[in-house]
Amino acid sequence: MAFSTTLTINGVKRTIALDDPRVTLLDLLRERLNLTGAKKGCDRGQCGACTIIVDGRRINSCLALAISHDGADVLTIEGLAQGDRLHPVQEAFIAHDGLQCGFCTPGQIMSAFGLIQEGQAGDDPERVREAMSGNLCRCGAYRGITEAVLEAHKTLDALNRKEVA
Amino acid sequence: MKTFDYVRPASVREAVSAAAAPGAAYLAAGTNLLDLMKGGVTRPDRLVDITHLPDLDRIENLADGSVRIGALVRNADLAHDRDFARRFPAIAEALLSGASAQLRNAASVGGNLLQRTRCAYFYDPASACNKRNPGSGCDARGGDNRLHAILGWSESCIATHPSDFCVALVALDAVVEIEGRAGRREIPLEAFHRLPGDSPDRESVLEPGEMIVAVRLPAEAARFAAHARYLKVRDRTSYAFAIVSAAAALRIEQGVIAQARIAMGGVALKPWRAREAEQILLGGRADTALFVRAATAALAEAKPSGDNGFKIVLARRVVARALALAAAGTPERMPALPGSPFAAASGVLAHV
């Protein structure tokens, strides 16, 4: 049985033929589209390394079937920077050493991006830690990650205010 | 993962017909189902994808004051819906105490009700499990069973139901709307999940093909909004299933309890409503002694199913503290750590 799924990935609409209904969004990105930023850590929705933004919300791409997400809008770590200009969340992770080995970092950054868009945590470190608990970092860079998320929130908040004014 | 036929129905009627076939399963977000399929724990022949069906993703306020939550409403959307969270704060708190932000963004209301136990022996195809493979035995009996059931278990199965959301829903008399080949029916959520008995493979009252289309809260459920909490004790502060949890909701008039609701999670294969404990609270003054008496009644029938006798004592304390938190009043803002005993306290806590 042949299937196809149409996705807008980092702003580009593409129709992708699928020969197997079992393909997850994560495998589609990594194995078929060479977008290897999202990582396959546990592949069971526990570690958050595969976090991407689908239709405006952060999800675990390892637990999402590509065929079921026909028509979705997908943002991955590859679509975050504008040319050479890093996104404020990426800048903040560098400034605060929000990483060590880097394996979990694309998932951390996409999760932080999603969290700031959700607007639930604000500038409260405890709320940030709670809202980032779906992203494991085995190097233990949590302190830098929390600081990075708080700073990115501040930067993006200021940018939004400027745009409104 | 075994391969499967993929079906995308255009209507609920088509979905029900496609899912009635042996070996078929509904696919919503798939956050639990795909995990189980990857582990070879469940091996459906056909997935009926209901995520593209219209009209199942709405939260509706009905004319009689009840609220109808469509089966495809995402957990996060329900918890963050301002009007809903204001009227049903314990439900929002329960939702936000569960899983991770990524999972709550995907997981659906209907899927939450139908999620499977997290018993490690159920998840391990090499272990004996009467739920996964009827008649094969139960390796959790005599195994690592610190987190297993203390109420309603049988020799066949000592697993627990993992949902937080369902615990708060059962406390507030939620009703499940079900569509089947014979039409629509509804059933109280409290009667939806089955206790294991001799057939732990039959987990709910759903017949083949039947589909959850909505969960409804009666108008009365909103009357507890000023005194409603969810408390969840787990091995980690966040992103862990409950060892024991409790939803407590009170209606207090001039210092006297006029109405009380208590349900427990992590203690049985279904959310456990504690009606006798509710009766004890009626007409009493909201104080620690009364809460301890009610909590003791809530666990009166509890029995360890293994190395988990501590859960009986823990559950008593969790119920008493949930009642104390509810009596102190629903906080204006959702706690930073929803449902956590480590959250900043409001009011006097019951240390029992």
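This is a predicted model: local features need pLDDT of at least 70, side-chain atom pairs count only at pLDDT 80 or more; totals for chains, interfaces and linings use all residues.
Residues are numbered from 1 along each chain as its sequence is written, and chains are lettered from A and ligands numbered from 1 in the order in which they are written. Local features need a pLDDT of at least 70 and side-chain atom pairs count only at pLDDT 80 or more, while totals for chains, interfaces and linings use all residues; side-chain values use heavy atoms, with hydrogens and water left out.

**Confidence**

The pLDDT is the predictor's confidence in each residue, from 0 to 100. Chain B averages a pLDDT of 96, and 97% of the residues score at least 70. Over residues 347-352 of chain B the pLDDT is below 50, and this stretch has 14 contacts in the model beyond near neighbours in sequence. Contact means heavy atoms within 4.5 Å.

**Helix pairs**

Helices (H or I, at least four residues) and strands (E, at least two) are DSSP runs, numbered from the N terminus. Axes are lines fitted to C-alpha atoms, for helices over the stretch in contact, and angles run from 0 to 180 degrees between N-to-C directions. The pairs below are listed with their packing values.

| Pair | Angle | Axis separation |
|---|---|---|
| H2(A) and H3(A) | about 125° | 10 Å |
| H3(A) and H5(A) | about 45° | 10 Å |
| H11(B) and H12(B) | about 135° | 8 Å |

Angles under 35 degrees count as roughly parallel, over 145 as roughly antiparallel, 65 to 115 as roughly perpendicular and the rest as oblique. A crossing is left-handed if the near helix is turned anticlockwise from the far one by less than a right angle, and right-handed if clockwise. For contact classes, Ala, Val, Leu, Ile, Met, Phe, Trp, Tyr, Cys and Pro count as nonpolar, Asp, Glu, Lys and Arg as charged, and the others, Gly among them, as polar.

In chain A, helix H2 covers residues 88-95 and helix H3 residues 105-118. Their angle makes H2(A) and H3(A) oblique to each other, and H2(A) passes H3(A) in a right-handed crossing. On the H2(A) side the contact involves A:Val89, A:Gln90 and A:Phe93, which meet A:Thr105, A:Gln108, A:Ile109, A:Ala112, A:Phe113 and A:Ile116 of H3(A). By class, this contact has 6 nonpolar, 3 polar and no charged residues.

H3(A) also packs against H5(A), which spans residues 142-164. H3(A) and H5(A) are oblique to each other, with a right-handed crossing. Here A:Gln108, A:Ala112, A:Leu115 and A:Ile116 of H3(A) meet A:Ile145, A:Val149, A:Ala152, A:His153 and A:Leu156 of H5(A). The contact of H3(A) with H5(A) has 7 nonpolar, 2 polar and no charged residues.

In chain B, H11 (residues 288-298) and H12 (residues 310-328) form a pair. H11(B) and H12(B) are oblique to each other, and their crossing is right-handed. H11(B) contributes B:Phe291, B:Val292, B:Ala294, B:Ala295 and B:Thr296, and H12(B) contributes B:Arg316, B:Val319, B:Ala320, B:Leu323, B:Ala324 and B:Ala327. The class count is 9 nonpolar, 1 polar and 1 charged.

**Buried helix residues**

Buried means under 20% relative accessible area, exposed over 50%, and partly exposed in between (1.4 Å probe, protein chains only). Helix H1 (residues 25-32) of chain A has A:Leu25, A:Leu26, A:Asp27, A:Leu28 and A:Leu29 as its buried residues. They pack against strands S1 (3-9), S2 (12-18), S3 (51-54) and S4 (57-60) of chain A.

In helix H5 (residues 89-96) of chain B, 8 of the 8 residues are buried, so H5(B) is largely enclosed by the rest of the structure. One of these buried residues is B:Glu93.

**Loop residues**

H1(A) is followed by A:Asn34, in the loop between H1 and S3 of chain A. Phi of A:Asn34 is near 60°, a positive value in a residue other than glycine, and A:Asn34 counts as exposed at 64% relative accessibility. In chain B, B:Gln254 has a positive phi near 45°. B:Gln254 lies in the loop between strands S10 (244-253) and S11 (256-265) and is exposed, at 78% relative accessibility.

A:Leu99 is in the loop between H2 and H3 of chain A and is partly exposed at 35% relative accessibility. Leaving aside neighbours within four places in sequence, A:Leu99 contacts A:Phe93, A:Thr105 and A:Ala141. The C-alpha atoms of A:Leu99 and A:Arg143, 44 residues apart along the chain, are separated by 9.6 Å.

A:Gly119 lies in the loop between H3 and H4 (125-131) of chain A and is exposed, at 55% relative accessibility. The C-alpha atoms of A:Gly119 and A:Phe103, 16 residues apart along the chain, are separated by 26 Å.
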